[in-house]
Amino acid sequence: MSTTQTSTALLSCHGLVKTFGGLHAVDGVDFDLYEGEIRGLVGPNGSGKSTMINVLSGHLTLDDGQIRLDGVATERLQPHRIAELGMARTYQIPRPFGTLTVRENVEVAAHFGASEPQPDDVHDEAQRWLEFVGLAGVADELPDTITLHQRKLLELGRALATRPRVLFLDEVLAGLNPRELAHGIDLVRRIGSLGVSIVVVEHLMRVILDLCEHLTVLNFGKVIAQGEPEACLREDAVVKAYLGDAHA
Amino acid sequence: MNLRRIFPPRVVAVWLVIYVALLLLPTVQGITGFPLYNLIFLYLVFFWITQATSWNILSGYSGYFSFGQAAFYGGGMYTTTILGSRYDWDLLPTLPVAALVGAGIAFLTGLLVFRLRKLSGEIFALFTLAVALGIGALVQNWRVLDGGRGIVLGQLDYPDLLGDTTEMLYYLGLTLAVIALLAAYVVQRSRFGAGLFAIRDDEKVAEAIGVPTFRYKMLIFTVSGALAAASGGLHAVQVGFISTDVGFGLRVAVFVILMSVVGGRRHWFGPLLGAVLIQTVTDRMAGAGYAEANQIVLAAVLIAATLFLRGGISARLVERPLPPVLGFVLGFVGTFVAGYPAITAAAWGMAVGLVVLFVPDRFLPQRRSWTRGGSAPGGDGDGSGAGTDDGIEDGHRIEGDEVIEPSDPASPTKETGR
C-alpha cells in the first residue's frame, strides 16, 4: 500500500469520513495524488467513489479528515473556491448548461475556473478546448442536439477550460462504443501529458489498466488496496470485493 | 474585458440615435403640437420597461422566478411619497434613497432565501410573494408609514430644466429605463452574466466550475431591487394618491412577468419588447373602451407566446429580424398615413409584425443562415443560443435539410459570426 514517489503530494487527503445517517460512505480514506499522475479510483458499486469526488470537489461537506490541495486546506471551502484553486470534475451523467450552446458552455467555464492562470481571451481559450476535445464542429449547437459521446466530451472540454491542476473524471468513458472508447482513452492521456493530475473513476478495467500508473481500490468506504494496477487487482481483498469469497 | 466586444460601435450608434430622438421628442412636441398624450403614454412605456427589465435581470437571467416585484416597487413608491409629503424633500434626491431602500429590502430578502434557507423554484417564488404581501401589510397597519388611509402626494420640487410635470416624468422615466437597459445589456455580455446564465441552467455545476453563486445571486437581486424601487419612486408622482393596494398589489408583479415572458427572458431587450407591446395593447384597448377585454387579449398573447415562441419574441426576432420589422414598419406607416393617431398606428404595426413573426419559415423567402448547422454531425441544430426549441422550428428544420440544402452552395461553410 505504498507509492514509490517521495515528493510531496499535490492533493493529499487524510482520514476522510463522510456518513449518511448510519452509513459510512467514506470511512477513513487516506489518498495522495502526485503532480502529473493518472490515478485510478475503482471499487464495486456503492464503494464510495462518487462520494469521494463529491467530498473533494466540495459538493458534500466532510464529517472528518483533512484535504490539502498544494498545501491549502480545502475541506471547509465552498465548491467555487476549490475550483479557483484548480480542482475540476466531470459528471457521470453529463450535466451541460442546457440553454447555452456547446461553445458557451466551455466559455463560461473559461470565464471562471482556476484563479490562475487567467486566460487572455475567453473566446480563444474556449475555442482551444473545443478543438482539443473535438467539438469545434458542433460548437454552436445546443447540448440536447448532440450525441451522448459528444456530451461526454463537452463535460471534458468544460472541465479543462477551468484550467485545472487536478481533474476528476467520473465514468466519463462509460457507455461508449469501442471506437469512441479508444478516442476517449487517447484524450485522457493527452490531458495527462499537459501536466494535469487526473483521478479516473471507472468500471471498465481495460480503461484503468490502459491509463493508470496507480490504483486505489475502495470497498465499503475503505481503501482495500493501493499501488500498481496489476498487483492491486490480484490482491485477495480486491478479488473478494468484486467476485465474492468463493473466488479468493 | 474588451470594450469593443461589449459595445460594438454599430449597435451603440443605433441605440444612441434612438435615445437622442426620444430626448428631443418633448421639444418637437412643443413645436409641432402633436398630442401631449403621447408623452404620457411613452412615460408609461418607460416605466414598464424599467420594471420588467429589473425583474428580468434577476428572474430571467438567474432563473430565480420572483413574484415579489411589488416589494421593491412599493418600497420605492412609499419612500418617495413619505420623504416628499412629510419631509418636503425635492423629488430628485428621493430617488436614490428609494433605490437604497429597494436594494436593502432585496439584500435582506436575499440573505434569508439564499443563505439561511437555500430556497429555489416554487418555494422561492412563494417566499418573494410573501415578502411583498408582508411589507404591504406592515405599511398598511403601521401609522408611521401609512396606516391604511393612503397618502396624497402633492407637487414635489424639481429642477425647472425638466419642464412641466409630464415632461419631467418623461425625461426621468427615460433616464431610468436607459439605466435599466444598460445594466441588463452589460450584465448579459459580461462574465457576471455568463455566471448568472450558468446558475439558471444548473446551479451546482455553476458552483463547481467556479461561479461564486451566492455572491452573484445577492448582487443581481440587490441591483434588481434598486432599479425597481427608483422607478417606483418616480411613479409615485404619476399616481399621486398612494395606497398599499397601488404599492403592494399583485398587478405589477403579474405584468412584469407577462412582459418578460412574452418579450423573452434570454435577451436584455426581451422585456423592452414585451413592455412596449403590452403597454400599447392595454392603452389602445382602454382608449377604445374595451378595458375589460384587455385581459382576454393579453391572455391570448401570453398563450400564443408560450406555445409557439418558447424563447419569447426576442429569440425569434434575433433569428429572423427583417420580416417582422418590415411588417411593423408597413403596418405603422400605412395606418399613420391613413390618418390614425401615432399610438394606434404603432399598435397596428405591432399586430402586423407579430403575425409575420408567427409565420412559419417555409412560407417566407429562404436565407442561408436559416439552414445553418445542417452540415454538422447530429444534423439539425440551429445554434442561435437563444433557447428556442419550439415546434415551428422542428418542422422547418426537416424541410430545410431536404429542400434547401442541395440548392444552396454556401451552406457547407459554417457560420461562426456570433
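In this predicted model, A:C13 stands opposite A:F31, a residue of strand β2 of chain A. Strand β1 of chain A, which covers residues 11-20, pairs with β2(A) in the antiparallel sense, and eight bridges join the two strands.

These two strands belong to an open sheet of four strands in chain A, arranged in the order β2-β1-β4-β5 with antiparallel pairing. The edges of the sheet are formed by β2 (23-33) and β5 (72-73) of chain A, each of which pairs on one side only. Helix α1 of chain A, made up of residues 49-56, packs on this sheet and touches β1, β2 and β4 (64-69) of chain A. The direction of the helix makes about 115° with that of β1(A).

Two further residues of chain A deserve attention for their backbone angles. A:R163 has a positive phi although it is not a glycine, and A:E171 is likewise a residue other than glycine with a positive phi. A:R163 is found in the loop between α5 (148-161) and β7 (166-170) of chain A, whereas A:E171 is found in the loop between β7 and α6 (178-193) of chain A. The table sets out their values.

| Residue | Phi | Relative accessible area |
|---|---|---|
| A:R163 | about 55° | 8% |
| A:E171 | near 50° | 10% |

Why does A:R163 count as buried? The relative accessible area of A:R163 is 8%, and a residue is called buried because its value lies under 20%. A:E171, at 10%, is buried as well.

Chain B contains 18 helices and two strands. The chain has 418 residues, and 52% of them count as buried. Its accessible surface comes to about 18900 Å², and carbon and sulfur atoms account for 68% of that area. When contacts in chain B between residues at least 6 apart in sequence are considered, 77% join residues at least 24 apart.

One residue of chain B may be followed in detail. B:T335 lies in helix α16 of chain B, which comprises residues 322-337. Is B:T335 buried or exposed? With a relative accessible area of 15%, B:T335 is buried. Its side chain reaches the backbone oxygen of B:G331 at 2.6 Å. Apart from neighbours within four places in sequence, B:T335 is in contact with B:Y340, B:A345 and B:W348.

Notes: Residues numbered from 1 in each chain as written. Chains lettered and ligands numbered in written order. Predicted model: local features only at pLDDT ≥ 70, side-chain atom pairs only at ≥ 80, totals over all residues. Heavy atoms only, no water. Pairing = 2+ DSSP bridges. Contact = heavy atoms within 4.5 Å. Axes fitted to C-alpha atoms, helices over the stretch in contact; angles between N-to-C directions. Buried < 20%, exposed > 50% of the residue type's maximum accessible area, 1.4 Å probe, protein only. Areas by Shrake-Rupley, 256 points an atom, 1.4 Å probe, with all protein chains shown as cover. Polar contact = N/O pair within 3.5 Å; in protein donor to acceptor, adjacent residues only side chain to side chain.
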